[in-house]
Amino acid sequence: MAEFENHSPSLSKPYQMGRFRLSHRVVLAPMTRCRALNGVPQPANIEYYAQRATDGGLLITEGTLVSPKAGGFPHCPGIYTQVQIDAWKKVVDAVHAKGSIIFCQLWHVGRASHQVYQPSDDSAPISSTDKPISGRWRILMPDGKYGTYPRPRRLAASEIPEIVEQYRQAAVNAIKAGFDGVEIHGAHGYLIDQFLKDGINDRSDDYGGPLPNRIRFLAELVHSVTSAIGPGRVGVRVSPAIDHLEAHDSDPISLGLAVAGKLNAIQYTAGEKLAYLHVTQPRYTAYGQAEAGRYGNPEEENRLMRAWRDAYDGTFIASGGFTRELGEEAVAGGAADLVSYGRLFISNPDLPKRFKLNAGLNRYIRSTFYTQDPVVGFTDYPFMTEQPAQSRL
């Protein structure tokens with residue numbers, strides 16, 4: 001069976017992801033949804049994830065905060081208090097009841113925050129640097145308006161072990177809540193990415209400068225988390241070529257290769273592979289539209305993704321603007337083992353079934369992505385009926 005699956009892989013065919021047997025290769029991507037009131041998952045969160053659960057499917061939660069200071073959006077869930085652990089357990093139980101596998105994405109936004117999201121209103125967000133995100137980017141505030149990003153506070157090297165410990169404890173808490181594993185969010189201009197990218201990281205200590213130093217923070221986090229819960233329960237997400245929130249790097253292909261090499265070394269030493277490496281394609285943007293730039297053509301994007309995929313020894317998940325057809329092409333061509341979907345999974349809770357049948361898709365409504373409504377734009381997208389949906393994307 002396994003040889004046949006590997007011989008002609010497709011989105012609808014099974015895949016063995018380390019210790020986890022998946023029935024298909026369509027993954028729910030982690031997406032901020034802003035419905036966990038005061039940082040605690042609600043009944044609506046239970047329904048949302050259960051709707052998208054399939055027997056043998058893989059779900060990755062929205063970014064889940066590792067500490068009270070880690071947030072930069074309204075009403076994002078955390079995993080640092082017992083109340084949050086208990087609330088997440090209800091989500092996990094509902095997902096497991098449908099036979100699905102679920103990983104908790106661990107998140108710290110770093111400088112992509114604001115004093116209003118800090119426990120003390122006069123606290124500056126932390127980062128690898130003291131350079132703020134420019135006024136080109138705007139932060140969503142609790143009142144629904146947009147503000148400017150403040151100047152962050154540069155972390156001292158002596159403070160970094162405390163942040164590493166927050167991730168380790170969050171991973172332990174996630175396992176207590178029943179999660180099958182965790183994903184370390186090292187992408188899209190957030191805290192870990194602020195150390196990885198030389199367009200942000202201007203440090204001159206052991207965490208800045210050459211690539212081995214810039215990937216040190218991520219490596220320490222992965223070491224700590226895998227030691228606590230086991231490598232097979234840990235995934236890592238990175239975006240070497242994504243410029244989101246001004247996370248530029250002068251040599252993204254080398255950055256991606258260095259990360260892959262370091263993760264390979266970690267799993268070889270541990271004697272068990274990590275669950276996966278999750279990489280976002282360059283075409284991803286915050287607004288879901290491709291932008292012209294260094295990697296604006298598909299051939300160059302494919303070259304980058306293939307280089308990182310070939311360098312990593314383990315399960316490789318690709319994300320970023322995939323359609324059904326592009327996902328099938330990536331899996332069939334060996335460019336990815338699994339493909340994660342965001343916006344299409346928001347609006348189509350039964351997306352794996354629709355893909356398998358090549359059925360119509362509901363259109364997503366972008367204006368409802370980040371509201372606090374527990375139904376509208378969250379749990380009210382219809383499932384496929386006997387007649388495939390007429391709206392096509």
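Does Leu245 count as buried or exposed, and at what relative accessibility? In this predicted model, Leu245 has a relative accessibility of 4%, and because buried means under 20% relative accessible area, Leu245 counts as buried. The residue is found in the loop between strand E12 (234-238) and helix H8 (252-270), and its backbone carries a positive phi of about 55 degrees although Leu245 is not a glycine. A positive phi, of about 60 degrees, is also found at His188, again a residue that is not a glycine. His188 lies in the loop between strand E11 (181-186) and helix H5 (191-196), and at 5% relative accessibility His188 counts as buried.

The largest nonpolar core holds 95 residues, of which Leu106, Tyr167, Val182, Phe217, Leu218, Leu263 and Tyr341 touch the most other members. Helix H4 supplies the largest share of this core, with seven residues. Apart from it lies another core, of 13 residues, which includes Met17, Leu22, Leu58 and Ala275. For Val182, one of the residues of the largest core that touch the most other members, the contacts can be listed: leaving aside neighbours within four places in sequence, Val182 is in contact with Phe103, Cys104, Leu106, Ala171, Ala174, Val225, Ile229, Arg233, Val234 and Gly235.

Helix H4 also packs against helix H7 (residues 216-229), at an angle of about 35 degrees and with the two axes 9 Å apart. The crossing in which H4 passes H7 is right-handed. On the H4 side the contact involves Ile160, Ile163, Val164, Tyr167, Arg168, Ala171, Val172 and Ile175, which meet Phe217, Glu220, Leu221, Ser224, Val225, Ala228 and Ile229 of H7. Divided by class, the residues of this contact are twelve nonpolar, one polar and two charged.

Ile175, one of the H4 residues that meet H7, has its place in helix H4 (residues 160-176). With a relative accessible area of 30%, Ile175 is partly exposed. The C-alpha atom of Ile175 is separated by 34 Å from that of Asp122, which is 53 residues apart from Ile175 along the chain.

A further helix pair is formed by H2 (residues 43-51) and H3 (residues 82-97), which pack at an angle of about 25 degrees, with their axes 9 Å apart. Because angles under 35 degrees count as roughly parallel, H2 and H3 are roughly parallel to each other. Their crossing is right-handed. In the contact, Asn45, Ile46, Tyr49 and Ala50 of H2 meet Trp88, Lys90, Val91, Ala94 and Val95 of H3, and by class this gives seven nonpolar residues, one polar and one charged.

Which residues of H2 are buried? They are Ala44, Asn45, Tyr48, Tyr49, Ala50 and Gln51, and among them Asn45, Tyr49 and Ala50 belong to the contact with H3.

Note on methods
Residues numbered from 1 in each chain as written. Predicted model: local features only at pLDDT ≥ 70, side-chain atom pairs only at ≥ 80, totals over all residues. Heavy atoms only, no water. Axes fitted to C-alpha atoms, helices over the stretch in contact; angles between N-to-C directions. Helix = DSSP H or I, 4+ residues; strand = E, 2+ residues; numbered from the N terminus. Parallel < 35°, antiparallel > 145°, perpendicular 65-115°, else oblique. Left-handed = near helix turned anticlockwise from the far one by under 90°. Contact = heavy atoms within 4.5 Å. Nonpolar A, V, L, I, M, F, W, Y, C, P; charged D, E, K, R; others polar. Buried < 20%, exposed > 50% of the residue type's maximum accessible area, 1.4 Å probe, protein only. Core = buried A, V, L, I, M, F, W, Y, C linked by side-chain atoms within 4.5 Å.
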